[in-house]
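Here is a friendly walk through one protein model, from its pockets to its sheet and then to a single residue. Please have the sequence and the 3D view open as you read.

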Amino acid sequence: MADARAQAFTTRSIKTEAKDAGLRLALSMVDLTTLEGKDSPEKVRSLCTKARRPMPDDERVLGERVAPVAAVCVYPSMVPVARAALDGSSVKVASVATGFPSGQYPLDVRLRDTARAIADGADEIDMVINRGAFLSGRYGVVAEEIRAVADLCAEGGPGGREVHLKVILETGELETYDHVRRASDLAIEHIRPGDFIKTSTGKVSPAATMGVTLVMLEAIRDAWLSEGKRIGMKPAGGIRAAKASLHYLVMVKETLGDAWLTPDLFRFGASTLADDLLRQMVKRATGRYPAQYDFASA
């Protein structure tokens, strides 16, 4: 039933001005991400440049300045580099921490990892739950870890900087929609309004799917209706086409309403998506569909 409902969102017809608005909104919700062993300061700076100005010749081609993306997500060691490169912009610095991507490190190590990322300038922490603990029924262990990281984020960063938490469920390893829903409810219970739940690390397949995202959105909806607690959502991994991003926005609108159609409450963890969104914008403005190499990769 979840899959059938999710599939129904792909049948909506979005055209003309609504499509233009959707493409721009989706771009503003993207978290550009680099999480590779070969990451370097130079690569992170390049990604930050793209985040601040996704299309350098946008005013000439589109007749307007394209808004920056929502955030740049990096490993904790690269947070100082990203912080310096994004200083003065609206783009957030996000960092995976807590033993990403396995979540199998001792809790004290994971908390030190998080605290360092915050001290170095992270605005957002993407933590991953211990799926082994969850799947073996040790829900209290998972809850304790989420609470501990959430408390660190609630303390904020230097200068009173607000820090938000995204809890990664790694849904590709949770096996069933029942597990996805239970993990969503568990995370939502222990995070603050304005924090997020997130599908995936991008290291496991399948990553984000519309069915999984719908189950998580419904958990967010129920928390809002029962408690008035507004939680954000981030599908991550596998969303590459602009058309798919519009399907996700339709699902968000019809499940949660217009209030969630903002980068403050919905994100895409999909770096390659940004280029396809820009290609679609150029096509609609000029009638010419640009090649993939027309946009610089970080």
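## The largest pocket

The largest pocket has a volume of about 740 Å³. Its lining is made up of 30 residues, and those nearest the centre are Thr 33, Thr 34, Ala 270, Ser 271 and Thr 272. A pocket here is an open set of points on a 1 Å grid over the protein atoms alone, where a 1.4 Å probe fits, with protein on both sides within 12 Å along at least five of seven lines; lining residues have an atom within 4 Å of a point. This is a predicted model, in which local features need pLDDT of at least 70 and side-chain atom pairs count only at pLDDT 80 or more, while totals for chains, interfaces and linings use all residues. Residues are numbered from 1 along each chain as its sequence is written, and side-chain values use heavy atoms, with hydrogens and water left out.

Strand E1 (31–33), helix H3 (41–52) and helix H12 (271–286) each supply at least two residues of this pocket's lining, and H12 gives the most, with 5 residues. (Helices, H or I with at least four residues, and strands, E with at least two, are DSSP runs numbered from the N terminus.) By residue class, the lining of the largest pocket holds 8 nonpolar, 12 polar and 10 charged residues.

## The second largest pocket

The second largest pocket has a volume of about 330 Å³. It is lined by 17 residues, and closest to its centre are Lys 92, Glu 124, His 164, Asp 264 and Arg 267. This lining divides into 6 nonpolar, 4 polar and 7 charged residues.

## The sheet

Now for the strands. An open sheet of 7 strands runs in the order E1-E2-E3-E4-E5-E6-E7, with parallel pairing (two strands pair if DSSP finds at least two bridges between them). E1 and strand E7 (232–234) are at the edges with a single partner strand each, so one side of each has no neighbour in the sheet. On average, neighbouring strands are turned by 25° against each other, direction ignored.

Strand E5 (residues 164–168) and strand E6 (residues 196–198) run parallel and are joined by 3 bridges. Lys 166 has Phe 196 of E6 as its bridge partner.

## A look at Ala 71

Ala 71 lies in strand E2 (residues 71–74). Is this residue buried or exposed? Ala 71 counts as buried because its relative accessibility is 0%, where buried means under 20% (1.4 Å probe, protein chains only).

Leu 32 is 39 residues away from Ala 71 in sequence, yet their C-alpha atoms are 6.2 Å apart. Beyond neighbours within four places in sequence, Ala 71 is in contact (heavy atoms within 4.5 Å) with residues including Leu 32, Lys 92, Glu 124 and Arg 267.

Conventions. Grid points are joined across faces, edges and corners, and a volume is the space filled by probe spheres set on the points. Ala, Val, Leu, Ile, Met, Phe, Trp, Tyr, Cys and Pro count as nonpolar, Asp, Glu, Lys and Arg as charged, and the others, Gly among them, as polar. Axes are lines fitted to C-alpha atoms, for helices over the stretch in contact, and angles run from 0 to 180 degrees between N-to-C directions. Buried means under 20% relative accessible area, exposed over 50%, partly exposed in between (1.4 Å probe, protein chains only).
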